[in-house]
Amino acid sequence: MIFLQYAIDALSVGGLYALAALGIGLIFGIMRLVNFAHGDLLMMGCYAMFMLAAAIWPVTILGGVVIAILVAVITECIAFRPLRSADPTILLAASFAVSFFLQNFVLMIMGGRALGVDIVPALNQHIVWDSLSISVLNLFTIALSVILMGGLSLFLARTRIGIHMRAASEDVRMARMLGVRVNLVVATAFAISGLLAGAAAIVVLGKTGLVLPTMGLRLTLVAFVAVIVGGMGSLTGAVIGGYAVGILEVVLGGLLPLVILPYREALIFTVVLLFLLFRPGGIIRVAALKERV
Amino acid sequence: MKFLMSLMIGFTLALCAAGFSSKAQANDDPIVIGAAIALSGFVAPYDDGPLKGLQLAVADINAKGGVLGRKLSVVTADTKSDPAQGTNAAIEVLEQGAEMVMVTCDFDFGAAAALQATAAGKVTFSSCAGDPKFGVQGIGPLAYTMSLGTPAQAATLAEWAYKEKGWRKVYVQMNSMVEYFKSLCSNFKIRWEELGGEIVGEDVYNFTEVKSFEGQATRMKQNTEKDFVFMCAATFDGPSLIKQVRNAGENTPILASESMDGNFWLEAVPNLSEFYLSVYGSMFGNDPNPQINDYVAKYTEMHGQAPFTAHSMTGYSLMEAWALAAERAGSFDSDAIRQELDKFINEDLLVGPTSYTPELHINLYRGMQIMEVQNGKHAPITRYTAEKVPPITF
């Protein structure tokens, strides 16, 4: 029974990480941009939901997701589009700048105090079944992540723009020559990453009940780890990486003796280090990323 | 050459200006109180209340005729929540003539400003740094804190839980990221075992930001022996932890310290019950001490909103303490004020009876108000003082 309890925890945490990793992986696949501001899209979505908390919950949630998408598209237009052909390190630096800007913007307007909010009261319930106690939010998280991942893979496989997106991630120059409108593809990719961040925001806010300007930071780091473990540039890899990190976190939290417990994060990052040393391509290696000689 | 000349003229002018301003201070201008604190950034919420408390104290003191017949005025400078900027902020208020300096409510964030201010020979108070290092040993003989020392806070909570609640088995949940939490939890465990209590479970995590606590909640729930949970966390992580623990169906009482004060986070856990904490005073107008309710009413009138937390009272009381010491010394000389402060024995200040000695510039035997939260409402239980505090280390 306790195994099942941990399994549900792990799937729920893993689902959240997979959503975040997908958002980062999607942008990286197309632009070779590691978007460190991804967590801040989530933070903006959370603050939007906080401000709309008085409304009925579908409005609150929708408002948060829409804001996350809007911020994603606006940052693409203002910060990343002019740098499209720049070196990946410059793009990386630009994403840090966007992240600092968004955090300080919120800090200036809302202050640095953690504020409490309860967006969907129904998510606070838990179902007791035998010795198991399953929180509704965990089931919601698992369902939401599966639906979004399924939706995204259908979108990439079946729609025109989805196919263009895959083409662009294989080889942007070639895709452009074949008539793919790169601006539209990149803007759509950012909108989707905003949607994923907005969805993750519902889960994070449901779990924590707090908004704080720095709240996106940890999820960005974890998602980045997941992307490295899974394989840079591969969306399947990002999902596998997300679940792997989530499962690892829950298993270590349940099994580690107390003295090592504070270093759990360090252990997770050690896994990344090992991957970078022995399998730098991650679990799923992407052919398009190999240097051609 | 011309550049050198203008530099010299500028320098001379600056000297004259400095001389002029110090002369100007000698007459009936107000005595300047400097606050070198975080006005912006992530620490700002912790300094906001103490500053407003200080401003209220200054208004109260001025209404009664000031200190030694001189009115007080407050100047501020922003550390921007950066420990390194503390030095500049202190210089800024000292240049404006500050006779006493208040610094951030934390040792790490307040030390730089305090070192600068004490080096300039001014009495320096931290509003609520709970680390006993904030004093003679860590900063210097002119540094004081209005906080109740962390070991004393831990002992107060342990004794109250053991003697008043009759709890015997504790599950200790700690965030190891912050020194205050580590000190709180370790001192609690020392006092708890001394009292004869049992530690039946422990968990540690290491984060400073919002995160999910599935693992911690499940681990805590599996422990069926515990009478209550002792939590070393603050309002940036604690509410999330409590939310997930309660959502998992775990309703054991939770005991926490003043770092969980305030009701601005209660929305995170709707209808929270069986939550207990110690605070400097109730900010909800229901404190058993009418002085504290008066304070909340006056603060609300002055600042347009009630204090977020009772930490604001430490800002009020440090001003009370300095004014009292200056009156007794009959002078604004820092050393004379220090000598009077060091003679404090259970002085009746807003935060409670306050004592200092030449060696110890933090309080260890002052009561804390124990509060309970039931159905999302704070209610005072009792003001409780520890009988025995674990030995402090610097």
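How many aromatic pairs does the structure hold over all chains? The count is 25 aromatic pairs, taken from a predicted model. The legends below describe close-up views of this model.

**View 1. Tyr144(B) and Tyr356(B) form an edge-to-face aromatic pair.** The ring centres of Tyr144(B) and Tyr356(B) are 5.0 Å apart and the ring planes meet at 70°, so the arrangement is edge-to-face, the term used for planes over 60 degrees apart. Tyr144(B) has 0% relative accessibility and counts as buried. Tyr356(B) is buried as well, with a relative accessible area of 2%.

**View 2. Tyr295(B) and Tyr316(B) pair between two helices of chain B.** Here the ring centres of Tyr295(B) and Tyr316(B) lie 5.4 Å apart, and with the planes at 75° the pair is edge-to-face. Tyr295(B) is located in helix H9 (residues 290–303) and Tyr316(B) in helix H10 (residues 312–329), both of chain B, so the pair ties together parts that are 21 residues apart in sequence. The relative accessible area of Tyr295(B) is 2%, and this residue is buried. Tyr316(B), at 11% relative accessibility, also counts as buried.

**View 3. Eight residues of chain B make one aromatic cluster: Trp160(B), Tyr162(B), Trp167(B), Phe188(B), Trp192(B), Phe228(B), Phe230(B) and Tyr276(B).** A charge over a ring is found elsewhere in chain B, where Lys226(B) lies over the face of Tyr171(B), 5.9 Å from the ring centre. In chain A, the charged end of Arg32(A) sits over the ring of Phe28(A), at 5.8 Å from its centre.

**View 4. Strand S1 (residues 31–37) of chain B is largely enclosed by the rest of the structure.** The reason is that 7 of the 7 residues of S1(B) are buried. Both faces of the strand are covered. On one side are Ile31(B), Ile33(B), Ala35(B) and Ile37(B), and on the other Val32(B), Gly34(B) and Ala36(B).

**View 5. S1(B) pairs with S2(B) and with S3(B).** The pairing of S1(B) with strand S2 (residues 72–78) of chain B is parallel and spans 7 bridges. Within S2(B), Ser73(B) is the bridge partner of Val32(B). In S3(B), Ala98(B) stands opposite Val32(B).

**View 6. Chain A and chain B bury about 3300 Å² between them.** Carbon and sulfur atoms give 59% of this area. Arg113(A), Leu210(A) and Leu258(A) supply 19% of the area that chain A buries against chain B, more than any other three residues. The contact involves 41 residues of chain A and 37 residues of chain B.

**View 7. Arg264(A) is placed in helix H11 (residues 264–278) of chain A.** Its relative accessibility is 6%, so Arg264(A) counts as buried, the limit for that term being under 20%. The C-alpha atoms of Arg264(A) and Val128(A) are separated by 29 Å, and the two residues are 136 residues apart along the chain.

Methods: Residues are numbered from 1 along each chain as its sequence is written. Chains are lettered from A and ligands numbered from 1 in the order in which they are written. This is a predicted model: local features need pLDDT of at least 70, side-chain atom pairs count only at pLDDT 80 or more; totals for chains, interfaces and linings use all residues. Side-chain values use heavy atoms; hydrogens and water are left out. Rings of Phe, Tyr and Trp (its six-membered ring) pair if their centres lie within 6.5 Å; planes under 30 degrees apart count as stacked, over 60 as edge-to-face and the rest as tilted. Buried means under 20% relative accessible area, exposed over 50%, partly exposed in between (1.4 Å probe, protein chains only). Helices (H or I, at least four residues) and strands (E, at least two) are DSSP runs, numbered from the N terminus. A charge sits over a ring if NZ of Lys or CZ of Arg is within 6 Å of the ring centre and within 35 degrees of the ring normal. Two strands pair if DSSP finds at least two bridges between them. Contact means heavy atoms within 4.5 Å. Buried area is the accessible area (1.4 Å probe) that two parts lose on being put together, summed over both.
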